[in-house]
Amino acid sequence: MSPVPPVIAELSDLDRRLDALVGGPNVRAEVATLLGAHHAAARHRIGSKLANGLGGVEVARLYCQAADEILIALWRFTTETLYPSPAPNEAERLSLIAVGGYGRGVLAPFSDLDLLFLRPWKTTARTETVAAFVLYVLWDLGLKVGSAARAVEECLSLSRTDMVVRTTLLEARYLAGDRLLTEDFLWRFRGMVTNADPRPFIAAKLEERAARHEKVGAVRYRVEPNIKDGKGGLRDLNTLFWIARSLAPNSVLGAAVLDDLLTARERRTFEEAFDFLWRVRAHLHLTAGRAEEKLTFDLQPEVARRMGWRGRGDEPAVERFMRRYFLVARDVGALTRAMSATLEARQQKKTMSLSRLIPGRKRNLGVPGFIEEGGRLSVTGPEVFADDPVKLLRLFVCADQHDLDVHPHAFSAVTRSLGLVTPKLRRNPEATAALLHILAHGARPYRVLTIMNETGLLGRFLPEWGRIVGQTQFNMYHAYTVDEHTLQAIGIINDIARGKLKHDHPNASAIIHLIADPEVLMLAMLLHDVGKGGERGQLEDGAIAARRACERLGVDPRRIELVVWLVRNHLALSDYAQKRDTSDPATIRAFAELVGDPERLRLLQVLTVADIRAVGPGVWNSWKGQLITSLYNATEALFRGEDVQALDPLADHADLVARAAQTGAAVETRQGPGRIESTTQISLAARDRPGLFADLTAALAAAGADVTGARVATTPDGTVLDVFQVQDGADAPYGQNEPRRLTTLVAALEAAARGETPIAPPPMPAATPRRAVFDVRPVVMIDTAASDTATVIEVSGADRPGLLAELSRTLTDLGLSIRSAHVAGYGERAVDSFYVVDRKGRKVFAEQILTEIQTALEAVLERTPAAPAGRRITAARASARDVSDLNRPIRRKAVSTSPEAR
């Protein structure tokens with residue numbers, strides 16, 4: 001085959017300007033400068049169109065066209081002007097092909113350029129020279145290039161066995177050079193794909209997807225998602241494209257196959273999801289100024305602003321935007337299942353089940369219309385649900401009873417039948433019984449309810465649930481969306497009941513079987529967060545919504561009252577345990593009065609453990625478990641009729657106290673051995689003196705120790721026990737990676753306790769972008785009724801290094817003695833409670849003094865670190881896990897904050 005002479009085309013202005021550079025002192029640098037300016041101008045125009053609302057896919061195509069322009073011009077200049085070959089021989093034939101995502105014709109602002117230099121056979125000096133010059137110029141432009149130089153037969157051979165190579169070539173697109181060489185190769189390649197068995201390729205793509213999800217996080221609803229590789233992200237949609245192209249290589253973007261495999265509605269959903277995700281990705285790249293694929297907290301508000309989202313009511317713009325993202329991610333999952341169902345029905349997809357060994361194996365499950373197919377639960381057809389809509393819920397009862405995954409065919413049948421969920425079905429007793437069976441009596445409620453949630457059935461059947469599907473809370477405390485957090489909490493309760501978490505939660509494991517009505521517990525857990533984002537506050541709106549849901553479900557009135565009480569008070573045990581002095585009899589009595597009876601106490605204990613643990617990895621630890629169990633035991637004893645006695649806080653530290661009596665101060669440390677531990681515990685005993693706690697917290701701040709929890713207790717004889725939970729700057733237990741730092745800190749604390757070396761708190765460092773993005777509403781609350789012996793001050797605000805030391809020093813400078821302190825962290829928010837008395841050991845009542853205290857603490861909270869260097873940070877109001885209105889505080893004032901970006 002003789003080489004085809006190049007087509008003579010009219011030179012563009014860019015081509016003429018490039019040709020004028022020949023003979024210059026540094027041609028490559030001048031070419032890069034010229035192309036860089038041209039490319040930058042094009043990118044600027046595209047960025048303006050994106051800002052004005054152009055669709056995501058169209059923007060991605062424009063970025064691709066901009067890359068095409070400079071590549072085609074560079075290729076022409078290199079092959080025709082710089083290294084011309086008027087009569088190239090057969091071996092010198094060469095073409096430039098776009099592959100991968102670039103071949104598909106879409107690019108994000110900082111995407112890689114995937115290129116193939118295609119030649120007939122082995123390389124020549126000229127083909128090497130051309131490829132090298134092109135690549136060097138692209139690198140000079142700062143572009144990230146993925147390139148390969150291969151012969152035709154090499155490409156065909158690799159694509160037969162290497163599914164990654166086949167994937168990139170499925171999207172191959174001619175750019176420049178020998179067009180006939182490219183067309184001949186693509187004709188042969190597509191013929192090979194058409195004649196090949198598609199099942200190994202499809203299986204490889206689905207296995208790649210599973211491995212990718214495992215790497216970046218198998219949960220779709222992590223609040224900092226990877227929009228490219230995460231579950232429900234662009235790569236999942238690309239997988240559907242690749243499968244479609246493998247079934248019809250000559251179809252543009254596999255459109256013919258997609259139209260055949262998906263319904264018209266699913267096809268529209270596909271296109272809308274694709275456009276939305278591409279728009280998010282383009283804004284994300286431009287906001288970060290790099291190829292960033294993870295939608296982190298510090299980027300979310302700015303991306304939301306760029307995309308035009310606005311706050312509504314009490315829901316900030318960033319949370320509305322992120323909820324839309326997660327709903328799209330759910331749709332992508334449903335599309336994947338729908339396509340898998342059709343592929344399996346046509347036997348074009350290998351199934352990972354027994355069906356490969358027993359073709360066509362089906363088993364009747366005793367419910368008309370339900371069958372086991374290939375080890376999964378399926379239905380004979382969508383008419384099963386049309387004839388009896390209750391079977392929409394019974395399907396999942398059956399899946400749980402037989403321990404079966406739901407077949408993609410059945411999954412799609414459910415999603416396509418959601419219109420059958422009517423008010424009549426929502427009040428159907430049989431439908432309610434099915435839901436309660438899954439929830440409270442099922443073997444694997446997390447798995448089954450998750451699938452129900454993915455289909456959209458759970459939110460359609462329970463509208464209160466539907467309002468929290470995909471809902472996020474813009475803070476660093478919660479790792480998952482509200483619905484995913486709740487489902488995980490339900491799974492944790494199930495694990496506790498089955499004895500799987502005895503080591504982590506011994507008390508909850510012991511009492512859960514004493515609970516008289518597990519359905520009440522599980523209903524309360526399912527509904528405990530449905531008030532998130534409500535105008536009356538999470539607890540009150542949650543109680544109202546829970547009552548409405550239970551009444552519709554036909555729950556007995558007595559049980560409704562218990563569910564509503566649990567929802568309204570589901571934070572009480574955690575708040576009392578972490579923010580109040582549980583060694584104080586007044587605290588125990590107040591909590592017992594709120595709870596009322598042992599059954600509510602047991603329900604609240606199990607619900608609280610699951611709620612905290614399901615917040616995210618590392619949130620639960622034995623420290624919190626100890627605080628909660630201590631309060632539970634004291635309250636239970638009160639219900640048994642025992643007297644409430646002030647607990648001796650030194651009882652568990654007798655050796656430490658003895659050493660402190662001899663040396664003036666003594667410290668011991670402990671790092672938890674368990675897999676859920678994330679802090680180092682530092683215990684210190686010393687003689688009390690004015691300013692002691694302030695000196696200790698200053699020493700901790702100077703050592704770079706982040707205090708995530710603390711308890712301070714003072715005995716009548718003047719002995720103080722301080723227990724701190726600390727981490728290093730990487731959120732690891734302090735001293736775990738550098739034991740010498742912990743040794744040094746112990747010595748510094750002992751010296752500070754003895755008053756030997758006063759330590760000034762370190763200067764306030766600049767905020768990190770991750771912290772600066774949160775606009776945290778500070779609150780100062782003063783309560784003179786919570787304790788019989790001290791005034792309680794609760795302070796909540798943006799956490800930062802040295803905050804605890806500043807607050808403590810401020811209280812000391814006001815002439816107050818800290819008798820007890822309780823420190824808790826909720827992501828970006830610190831909540832510190834202090835039990836204080838005046839110099840004479842008395843509670844503080846005087847209004848003038850209380851006002852002075854509040855003003856001084858507000859001044860500390862309003863001090864904010866300097867903004868981080870680099871790009872501008874768009875701050876957004878952090879979702880508040882508010883300080884609780886415990887014991888009816890006499891005064892509470894929120895410090896003024898900057899207006900939220902909406």
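Analyst: Helices here are DSSP runs of H or I with at least four residues, strands are runs of E with at least two, and both are numbered from the N terminus. This is a predicted model, where local features need pLDDT of at least 70 and side-chain atom pairs count only at pLDDT 80 or more, while totals for chains, interfaces and linings use all residues. Residues are numbered from 1 along each chain as its sequence is written, and side-chain values use heavy atoms, with hydrogens and water left out.

User: Why does being four apart matter in a helix?

Analyst: An α-helix has 3.6 residues a turn, so residues three or four places apart point the same way.

User: OK, and what do Glu80 and Arg76 form?

Analyst: They form a salt bridge, with the closest N and O atoms 3.9 Å apart. That term means a side-chain nitrogen of Lys or Arg within 4 Å of a carboxyl oxygen of Asp or Glu. Asp15, Asp19, Arg76 and Glu80 are also linked in a network of salt bridges.

User: Is Arg76 buried or exposed?

Analyst: Arg76 counts as buried, at 12% relative accessibility. Glu80 is partly exposed, with a relative accessible area of 44%. The cut-offs: buried is under 20% relative accessible area, exposed is over 50%, and partly exposed is in between (1.4 Å probe, protein chains only).

User: How many salt bridges are there in the whole structure?

Analyst: A search of the whole structure turns up 49. One of them joins the side chains of Arg17 and Asp13, at 3.6 Å from N to O. Those two are four residues apart in helix α1 (residues 13-19), about one helical turn. Arg17 is partly exposed at 40% relative accessible area, and Asp13 is partly exposed at 46%.

User: What about Glu561 and Arg547?

Analyst: Their side chains meet in a salt bridge too, 2.7 Å from N to O. Glu561 lies in helix α27 and Arg547 in helix α26 (residues 538-553), so the pair ties together parts that are 14 residues apart in sequence. Glu561 is partly exposed at 41%, and Arg547 is partly exposed at 27%.

User: Switching topic: how many aromatic pairs are there?

Analyst: The count comes to 17 aromatic pairs. Phe297 is in the loop between α12 (264-288) and α13 (300-306) and Phe774 is in strand β13 (residues 774-775), so the pair ties together parts that are 477 residues apart in sequence. Both Phe297 and Phe774 are buried. The rule is that rings of Phe, Tyr and Trp (its six-membered ring) pair if their centres lie within 6.5 Å; planes under 30 degrees apart are stacked, over 60 edge-to-face and the rest tilted.

User: Which residues do ring pairs link into a cluster?

Analyst: Phe241, Phe270, Phe274 and Trp278.

User: How buried is helix α29?

Analyst: Eight of the 11 residues of α29 (residues 585-595) are buried, so the rest of the structure largely encloses that helix. Among them are Ile588, Phe591 and Val595. The buried residues pack against α27 (557-568), α28 (572-579), α30 (598-613), α31 (622-639) and β17 (829-837).

User: Last one: what's in the largest nonpolar core?

Analyst: That core has 115 residues, and Phe396 and Leu527 have the most contacts inside it. Leaving aside neighbours within four places in sequence, Leu527 is in contact (heavy atoms within 4.5 Å) with Leu462, Ala546, Ala549, Cys550, Val563 and Val567. A second, separate core of 56 residues includes Val57, Ile243, Leu284 and Leu335. A nonpolar core here is a set of buried Ala, Val, Leu, Ile, Met, Phe, Trp, Tyr and Cys residues joined through side-chain atoms within 4.5 Å.
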